[in-house]
Amino acid sequence: MRKDVRILLVGEPKVGKTSLIMSLVSEEFPDVVPYRAEEITIPADVTPERVPTHIVDYSEAEQTDEQLFQEISKANVICIVYSVNNKKSIEKVTSHWIPLITENTDKDSRVPLILVGNKSDLVEHSSMETILPIMNQYSEIETCVECSAKNLKNISELFYYAQKAVLHPTGPLYCPEKKDMKPLCVKALTRIFKVSDLDNDGILNDNELNFFQRTCFNAPLEPQALEDVKNVVRKNLNDGVCDNGLTLKGFLFLHTLFIQRGRHETTWTVLRRFGYDDDLELNQDYLFPPLKIPPDCTTELNHNAYLFLQSVFDKHDKDRDCALSPDELKDLFDVFPYMPWGPDVNNTVCTNDQGWITYQGYLSQWTLTTYLDVQRCLEYLGYLGYSIIAEQESHASGITVTRDKKIDLQKKQTQRSVFRCNVFGDIGSGKSGFLQAFLGQNLMQQNMIKEEHRSYYAISTTYVYGQEKYLLLHEVFPDFDYLSDADMACDIVCLVYDVSNPYSFEYCAKVFKQYFMDSKTPCMMIAAKSDLTEVKQMYRCSPLEFCRRHKMPPPQSFTCNTAAAPSKDIYTKLTTMAMHPHARLRCMCTCNRCTFCLCQNLLNSELLQTVRTKLYAVVHRRHVNQADLKNSTFWLRMSVGATVFAVLGFAMYRVLLRPR
């Protein structure tokens with residue numbers, strides 16, 4: 001909505017333009033009328049629409065044609081004043097003023113016109129019979145008002161209608177010739193209907209109508225008023241009401257009726273509440289609310305946003321198979337001006353056997369968009385009406401900006417739930433296979449992916465100590481000479497080499513030494529294609545020795561050439577390292593020399609297994625009677641045992657969390 005309104009009064013000399021302005025201001029007819037009134041500004045708190053209004057007078061005697069043209073170009077609405085008792089002034093409306101205004105305004109920005117018949121106190125008849133054909137001929141004419149500056153008749157109404165013509169214009173909504181709403185208006189209202197249809201059954205039931213009413217007008221409809229609205233639709237439209245709910249046709253009919261009865265401010269209130277501007281395009285401030293993101297911080301969806309997106313998924317998953325078919329996905333994005341997800345998305349997130357995006361994959365794609373391009377995510381949330389349905393101030397309320405990664409490292413803990421892993425490797429080393437295996441695709445399934453549908457990202461969930469986290473894999477193009485800041489910015493680096501190619505490891509070693517050896521970013525070496533015969537790498541040292549020298553975990557064997565879905569253990573390890581870059585949380589070798597391996601061997605030893613089995617049997621077979629429960633010795637033994645186990649457990653925990 002505009003922040004102010006500029007009204008220009010034009011017309012033949014002595015029709016009463018200046019008198020109208022002075023009568024409005026002083027609320028009495030002036031004794032002496034100057035040639036021209038100075039520009040006046042009516043404060044926002046005085047006007048009905050709470051918008052400052054500037055009223056500008058024109059005088060042929062005091063102003064040049066050039067000055068008139070400038071005022072016409074600046075005006076938001078133009079009142080063409082004629083005298084109801086002067087036929088020549090009425091003829092001049094079509095012969096002079098409307099053509100003059102048309103020539104001096106931009107064709108793309110239509111300026112609304114108000115016809116003002118002044119001096120109605122001097123005649124007993126109305127001029128409307130003469131004016132109506134003119135109004136039908138020119139669509140830019142909003143309305144006609146007959147008034148009298150002398151007895152103050154309809155003076156306030158005149159300027160109210162002028163203000164209304166700017167703030168709630170009819171032009172973008174309605175076509176008088178066709179007596180129907182314009183296509184852009186129908187498109188906008190259709191989107192509003194679909195967003196408000198919370199259960200996606202094609203009908204607005206009483207609860208949905210009341211929510212819509214509260215959202216737009218801050219007050220629910222009384223039951224009788226709601227029934228009256230539906231009865232009006234029933235009388236005029238056969239399929240406007242179905243199952244006691246309002247259909248899309250009925251919804252559109254109601255707004256057509258509002259506009260035809262001069263209540264287009266009702267339709268504009270709805271449109272603006274759902275983010276539309278005067279051109280019926282979604283406002284940029286609505287789609288892209290301000291969101292400050294400091295350096296080294298990332299963006300994630302918060303709990304409320306995930307709940308909203310879950311409700312959107314459930315709303316469109318009509319067959320309840322926890323996946324979105326192509327038709328269901330198309331229906332979900334029907335409120336968008338374009339299809340936001342291409343075929344590559346199906347190779348970025350998890351899909352079912354039919355290739356449809358699953359519930360997990362759907363949330364993963366939203367998580368990916370939020371992480372990589374938060375402005376695009378805000379735009380998408382705007383199309384879905386997040387701030388309206390979730391009753392939030394803006395879509396930005398659904399975004400969490402994480403704290404600086406440096407603080408996470410200092411505090412040795414993080415609250416983030418999305419971790420980025422950049423995957424490096426030479427051409428043909430198996431990077432793409434590594435990404436697709438994360439989505440559960442084995443080599444045979446990967447070979448069916450078309451090259452044009454290939455994705456350089458893969459995202460899914462992993463569980464680290466019972467917590468669900470998102471791991472985002474990004475395949476970096478193997479251009480060793482130039483790595484961008486985006487290629488370097490990640491939580492963990494994955495270096496992939498082909499065990500069957502003797503020259504594959506050299507690339508990984510060079511990338512590590514040049515870019516990551518002195519950084520605090522944890523790195524992991526992946527020995528890909530482990531199902532093939534391993535050959536000696538043509539490098540000065542073996543991959544295992546290289547990892548030991550640089551205090552990296554030993555190379556992890558990996559293959560996606562499996563009958564079933566590839567194992568996801570390695571991705572859990574990556575996420576764990578990304579979450580805790582400061583600590584060696586998990587041994588990834590079988591050296592039998594490190595603390596972890598020694599502890600594992602002890603825990604898995606035959607002696608300890610025997611003791612554990614016997615203790616298990618004693619605890620489960622021992623009959624604990626009431627006397628034992630009342631015996632203090634029994635509880636003392638229990639307490640001592642629990643204390644010993646707690647101390648041993650804590651000591652083991654400290655050993656395993658030994659800093660690097």
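This is a predicted model: local features need pLDDT of at least 70, side-chain atom pairs count only at pLDDT 80 or more; totals for chains, interfaces and linings use all residues.
**Exercise 1. A charged pair across the sequence**

Find out which parts of the chain are tied together by the salt bridge between Lys-405 and Asp-491.

*Solution.* Begin with the distance: the closest N and O atoms of Lys-405 and Asp-491 are 3.3 Å apart. Lys-405 lies in helix α17 (residues 405-411), whereas Asp-491 lies in the loop between α20 (485-488) and β19 (492-498), so the pair ties together parts that are 86 residues apart in sequence. Asp-491 counts as buried, at 6% relative accessibility. Finally, look at the neighbours: salt bridges that share partners join Arg-403, Lys-405, Asp-408, Arg-416 and Asp-491 into one network. The structure as a whole holds 22 salt bridges.

**Exercise 2. Strand β18 and its partners**

Explain why strand β18 is described as largely enclosed, and work out which strands pair with it.

*Solution.* Strand β18 covers residues 467-475, and seven of its nine residues are buried, so the strand is largely enclosed by the rest of the structure. Two strands pair if DSSP finds at least two bridges between them. Strand β16 (residues 418-425) runs parallel to β18 and is joined to it by six bridges, and Val-418 has Tyr-470 as its bridge partner in β18. Strand β17 (residues 457-464) pairs with β18 in the antiparallel sense, over eight bridges, and here Ile-459 has Leu-472 as its bridge partner. β17 and β18 form a hairpin with two residues between them, and Tyr-465 in the turn has a positive phi of about 50°.

**Exercise 3. An open sheet and a helix across it**

In what order do the six strands of the open sheet follow one another, and which of them are the edge strands?

*Solution.* The order is β2-β3-β1-β4-β5-β6, and the pairing is mixed. The edge strands are β2 (40-42) and β6 (141-146), each of which pairs on one side only. From one strand to the next the twist averages 25°. Inside the sheet, strand β1 (residues 5-11) runs parallel to strand β3 (residues 53-57), with five bridges joining them, and Leu-8 has Val-56 as its bridge partner in β3. Helix α3 (residues 87-103) lies across β1, β4, β5 and β6, and it runs at about 160° to β4. For such angles, axes are lines fitted to C-alpha atoms, for helices over the stretch in contact, and the angles run from 0 to 180 degrees between N-to-C directions.

**Exercise 4. Two helices and two rings**

Classify the angle between helices α9 and α10, and then the ring pair of Tyr-539 and Phe-546.

*Solution.* Helix α9 (residues 248-260) and helix α10 (residues 264-273) pack at about 130°, with their axes 6 Å apart. They are therefore oblique to each other, because angles under 35 degrees count as roughly parallel, over 145 as roughly antiparallel, 65 to 115 as roughly perpendicular and the rest as oblique. His-255, Phe-258 and Ile-259 in α9 meet His-264, Thr-266, Thr-267 and Val-270 in α10, where contact means heavy atoms within 4.5 Å.

For the rings, those of Phe, Tyr and Trp (its six-membered ring) pair if their centres lie within 6.5 Å, and planes under 30 degrees apart count as stacked, over 60 as edge-to-face and the rest as tilted. The count by this rule is 27 aromatic pairs. The rings of Tyr-539 and Phe-546 have centres 6.1 Å apart and planes at 75°, so this pair is edge-to-face. Tyr-539 counts as buried at 15% relative accessibility, and Phe-546 counts as buried at 1%.

Terms used: Residues are numbered from 1 along each chain as its sequence is written. Side-chain values use heavy atoms; hydrogens and water are left out. Buried means under 20% relative accessible area, exposed over 50%, partly exposed in between (1.4 Å probe, protein chains only). Helices (H or I, at least four residues) and strands (E, at least two) are DSSP runs, numbered from the N terminus. A salt bridge is a side-chain nitrogen of Lys or Arg within 4 Å of a carboxyl oxygen of Asp or Glu.
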